[in-house]
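This report looks at one predicted protein model. The sequence and coordinates come first, followed by notes on selected features.

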Amino acid sequence: MARGLVRSYRDLEVYQVAFATAMEIFEVSKRFPVEERYSLTDQIRRSSRSVCANLGEAWRKRRYQAAFVAKISDCQAEATETQIWLEFAVKCQYLDAEVGRDFYRNYDQVLGQLVNIIKNASHWTIQ
């Protein structure tokens, strides 16, 4: 989940993968059709960024295990939403299928790490 000492959410591997993938999605979504600006383009950018934002919020809620787990659960929901938008982008042929698969796999990795964080929430929270 994390490499070395974790001092901030930015040190978490899950955050780093989610952030890097969100930035890649931002770049490829610049090529989506103009008519998708306020629907698919906006939605995929928002959900991919929200994974990172919710991780940051969860990090600050580590004093309260239930609040921490709830925010990590929000991260899972946003990662899954991003995967759904990726499917639409590929089906609409706005995104190359192989690129879409790579992004989708990144979010599978993120989701797996989030599941592990929830399963081990007591190790992450401040007692």
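The model is predicted: local features need pLDDT of at least 70, side-chain atom pairs count only at pLDDT 80 or more, and totals for chains, interfaces and linings use all residues. Residues are numbered from 1 along each chain as its sequence is written, and side-chain values use heavy atoms, with hydrogens and water left out.

**Core and Tyr107**

The largest nonpolar core holds 33 residues. Such a core is a set of buried Ala, Val, Leu, Ile, Met, Phe, Trp, Tyr and Cys residues joined through side-chain atoms within 4.5 Å. Buried means under 20% relative accessible area, exposed means over 50%, and partly exposed is in between, with a 1.4 Å probe and protein chains only. The members that touch the most other members are Leu55, Tyr107, Val110 and Leu114. At least two residues of this core come from each of helix H1 (13-29), helix H2 (37-60), helix H3 (65-91), helix H4 (97-119) and helix H5 (121-124). Helices are DSSP runs of H or I with at least four residues, numbered from the N terminus.

Tyr107 is placed in helix H4 and is buried, at 1% relative accessibility. Which residues does Tyr107 touch, not counting residues up to four places away in sequence? The contacts (heavy atoms within 4.5 Å) are Ala18, Thr21, Ala22, Ile25, Ser48, Val51, Ala79, Thr82, Gln83 and Leu86. One of these partners, Thr82, is 25 residues from Tyr107 in sequence and 8.0 Å from Tyr107 in space, C-alpha to C-alpha.

**Cavity**

The whole structure was searched for cavities of 30 Å³ or more, and 1 was found. On a 1 Å grid over the protein atoms alone, a cavity is a set of points where a 1.4 Å probe fits but cannot get out, and lining residues have an atom within 4 Å of a point. Grid points are joined across faces, edges and corners, and a volume is the space filled by probe spheres set on the points. The volume of the largest cavity is about 50 Å³.

Its lining consists of Leu12, Leu55, Ala58, Trp59, Phe68, Ile72, Ile117 and Trp124. H2 and H3 each supply at least two lining residues, and H2 gives the most, with 3 residues. By class, the lining has 8 nonpolar residues, no polar and no charged. Here Ala, Val, Leu, Ile, Met, Phe, Trp, Tyr, Cys and Pro count as nonpolar, Asp, Glu, Lys and Arg as charged, and the others, Gly among them, as polar. Leu55 is named both in this lining and among the core members that touch the most others.

**Cysteines**

How many disulfides does a search of the whole structure find? The search finds 0, where a disulfide is a pair of cysteine sulfur atoms within 2.5 Å. For Cys52, the nearest cysteine sulfur is that of Cys75, 8.4 Å away. Cys52 counts as buried, at 7% relative accessibility, whereas Cys92 is partly exposed, at 35%.

**Single residues**

Gln93 sits in the loop between H3 and H4 and is exposed, at 71% relative accessibility. Its phi is near 65°, a positive value in a residue other than glycine. As a rule, most residues other than glycine have a negative phi.

| Residue | Helix | Relative accessible area | C-alpha separation |
|---|---|---|---|
| Phe19 | H1 | 40% | 8.0 Å to Ser48 |
| Ser39 | H2 | 32% | 10.0 Å to Trp85 |
| Phe26 | H1 | 21% | 24 Å to Ser8 |

Along the chain, Phe19 and Ser48 are 29 residues apart, Ser39 and Trp85 are 46 residues apart, and Phe26 and Ser8 are 18 residues apart. Phe26 also touches Arg45 and Arg49, not counting residues up to four places away in sequence.

Conventions: 1 Å grid on protein atoms, 1.4 Å probe; cavity = no way out; pocket = protein on both sides within 12 Å on 5 of 7 lines; lining within 4 Å.
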